[in-house]
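Subject: The structure, and what I found in it

Hi,

Here is the structure I promised you. Have a look at it first, and then read on for my notes.

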Protein chains: 4
Amino acid sequence: MKVEDYPHRHPVATRWADNDVYGHVNNVEYYAWFDTAINAYLIGEGGLDIRAGDTIGLCVESHCEFRAPVTFPETVAVGLRVGKLGHSSVRYELAIFRAGVAAPAAQGWFVHVFVRRDDRRPTPIPDGLRTALARLLPAE
Amino acid sequence: MKVEDYPHRHPVATRWADNDVYGHVNNVEYYAWFDTAINAYLIGEGGLDIRAGDTIGLCVESHCEFRAPVTFPETVAVGLRVGKLGHSSVRYELAIFRAGVAAPAAQGWFVHVFVRRDDRRPTPIPDGLRTALARLLPAE
Amino acid sequence: MKVEDYPHRHPVATRWADNDVYGHVNNVEYYAWFDTAINAYLIGEGGLDIRAGDTIGLCVESHCEFRAPVTFPETVAVGLRVGKLGHSSVRYELAIFRAGVAAPAAQGWFVHVFVRRDDRRPTPIPDGLRTALARLLPAE
Amino acid sequence: MKVEDYPHRHPVATRWADNDVYGHVNNVEYYAWFDTAINAYLIGEGGLDIRAGDTIGLCVESHCEFRAPVTFPETVAVGLRVGKLGHSSVRYELAIFRAGVAAPAAQGWFVHVFVRRDDRRPTPIPDGLRTALARLLPAE
């Protein structure tokens with residue numbers, strides 16, 4: 001995968017606390033960056049209202065392969081695309097790209113199920129979110 | 001999977017900051033708990049020296065399925081076992097158990113490759129660590 | 001200050017990610033432990049309902065002096081007492097104690113203003129919380 | 001204080017996990033941003049080598065007043081200046097500014113003591129760091 005394979009890219013500047021005792025960013029932070037890129041997109045492009053909306057997205061599964069270290073300070077790009085857009089769930093495919101490096105430092109995926117905020121039961125993806133997500137499907 | 005399927009259990013008390021805006025622990029924290037349970041075991045039982053040892057463990061892949069919410073304050077058990085113990089790598093299988101609930105709130109896995117600290121090249125798992133890890137293999 | 005000067009003590013087990021690149025717990029985490037000890041006490045002893053209650057506590061000021069390093073893995077005690085209990089605010093005094101070490105590894109304070117959840121305006125501390133907080137005032 | 005009072009400004013994009021259950025950024029994260037702004041400056045402008053340098057900066061005291069909420073997603077500016085530059089220590093003054101808002105959302109300070117990495121004893125601030133820090137002193 002290359003950065004061009006991801007129609008949306010979200011920049012993330014690493015933080016001091018992302019580093020672990022081995023002098024590179026801890027593996028766990030990559031998932032925090034995935035979460036950030038996905039939710040920033042849903043809020044900005046799809047109208048997700050994380051504080052008061054009726055529908056929220058809950059992560060039910062995630063995965064990451066770590067291939068190269070990332071350091072502090074540094075700004076990476078989180079590449080985001082949609083692998084599968086279902087009735088009430090979406091599978092995102094993500095990768096972390098360092099500046100000037102073609103191969104991703106990490107590659108993973110993340111599944112959101114959209115639920116009603118009040119009873120946390122699955123609900124169809126609202127139109128605004130669906131339209132935004134459909135734009136991240138790979139072109140045929 | 002049940003808690004009895006995991007020969008080692010590491011307690012984790014949730015923290016205020018583990019909660020996200022939806023009022024439950026953020027999915028990312030489960031990976032931080034996996035990391036904590038694994039490294040505490042390697043240090044305490046296997047002699048891993050995270051500050052000065054020649055050999056360190058790097059995460060190359062991880063995965064988690066999230067099935068039920070966890071809250072703050074609450075103490076969960078991280079169940080840990082070894083699924084595959086290789087020459088220089090180990091695959092851990094983990095699950096999060098809430099008190100009094102048989103089904104895991106989350107289940108996942110995590111792969112460490114052991115490398116030399118100085119050049120980050122793979123190296124055989126040292127004897128002390130291997131002995132400690134072998135104790136977490138399932139009984140035949 | 002000694003641990004006996006704090007009527008409430010909340011244990012905190014350090015986590016892998018608390019460590020920074022210098023091999024000890026990052027200063028920022030001490031504040032996260034303060035937050036955790038305070039809120040766990042308010043929830044468990046004072047009936048604070050962080051998800052749906054009308055009154056919530058917002059931090060308006062905090063402070064910490066760092067005197068000795070803390071490591072991973074390790075369990076510390078967060079000592080908690082109330083320095084000043086006002087109409088709608090409370091000043092907590094806190095310290096971090098390592099096992100078997102009389103002098104605190106860190107010492108600080110933290111001010112909560114209680115507000116209405118809906119408009120975030122200051123509100124008198126509810127009776128249940130006030131009773132619980134008063135128990136942490138120093139004896140005369 | 002206004003943003004113009006801080007000669008260096010470091011942008012920080014909030015992350016999903018910065019939010020707490022009350023729907024705004026948790027107070028603790030502001031300290032993480034202070035740490036990030038300071039260390040990014042020391043590394044980029046002063047030659048601090050966090051992985052292998054002989055001299056490192058340890059936080060011995062910090063403080064913050066919180067005046068207005070910050071949300072996700074949002075990019076804030078961390079204003080940084082030097083209040084006092086001593087022989088082996090430095091006191092930073094910091095503030096968090098939201099886009100288009102003159103009054104800081106938070107204001108605080110942070111004291112670094114520079115120590116030798118090997119024995120953690122105080123050491124004079126190296127010339128490169130001192131020169132970089134002196135540029136952040138207020139003009140007379």
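A word on the ground rules: this is a predicted model, so I kept local features only at pLDDT of at least 70 and side-chain atom pairs only at pLDDT 80 or more, while totals for chains, interfaces and linings use all residues. Residues are numbered from 1 along each chain as its sequence is written, and chains are lettered from A and ligands numbered from 1 in the order in which they are written.

Let me start with the helix H1(B), residues 27-46. (Helices are DSSP runs of H or I with at least four residues, strands are runs of E with at least two, and both are numbered from the N terminus.) The expected span is 1.5 Å times one less than the number of residues. After H1(B) comes B:Gly47, with a positive phi near 80°.

Next, where chain B meets chain A. Here 18 residues of chain B are in contact with 18 of chain A (contact: C-beta atoms, placed from the backbone, within 7 Å). On the chain B side, the elements that give two or more residues are H1 and strand E2 (55-66), and E2(B) gives the most, with nine residues. By class, that side has 11 nonpolar, three polar and four charged residues. (Ala, Val, Leu, Ile, Met, Phe, Trp, Tyr, Cys and Pro count as nonpolar, Asp, Glu, Lys and Arg as charged, and the others, Gly among them, as polar.)

The E2 strands of chains A and B also run antiparallel, joined by five bridges; A:Ser62 is opposite B:Cys64 there. Strands count as paired if DSSP finds at least two bridges between them.

Chain B can be laid on chain A by a turn of 180° and a shift of 0.0 Å along the axis, with an RMSD of 0.0 Å. The two copies are therefore related as by a two-fold rotation axis. In chain B, the C-alpha nearest that axis belongs to B:His63, at 2.2 Å. (Superposition is by least squares on C-alpha atoms of residues with pLDDT of at least 70 in both copies.)

Within chain C, E1 (8-13) and E3 (75-85) pair antiparallel over six bridges, with C:Ala13 and C:Thr75 as bridge partners. Nine bridges join E3(C) to E4(C), residues 89-98, also antiparallel, and a hairpin of three residues connects the two.

Finally, the largest nonpolar core has 184 residues, of which A:Val78, B:Val78, C:Val78 and D:Val78 touch the most other members. (Such a core is a set of buried Ala, Val, Leu, Ile, Met, Phe, Trp, Tyr and Cys residues joined through C-beta atoms within 7 Å.) Beyond its neighbours within four places in sequence, A:Val78 has contacts that include A:Trp33, A:Phe34 and A:Leu94.

Cheers

Key
Contact = placed C-beta atoms within 7 Å. Buried ≥ 20, exposed ≤ 12 C-beta atoms within 10 Å, placed from the backbone.
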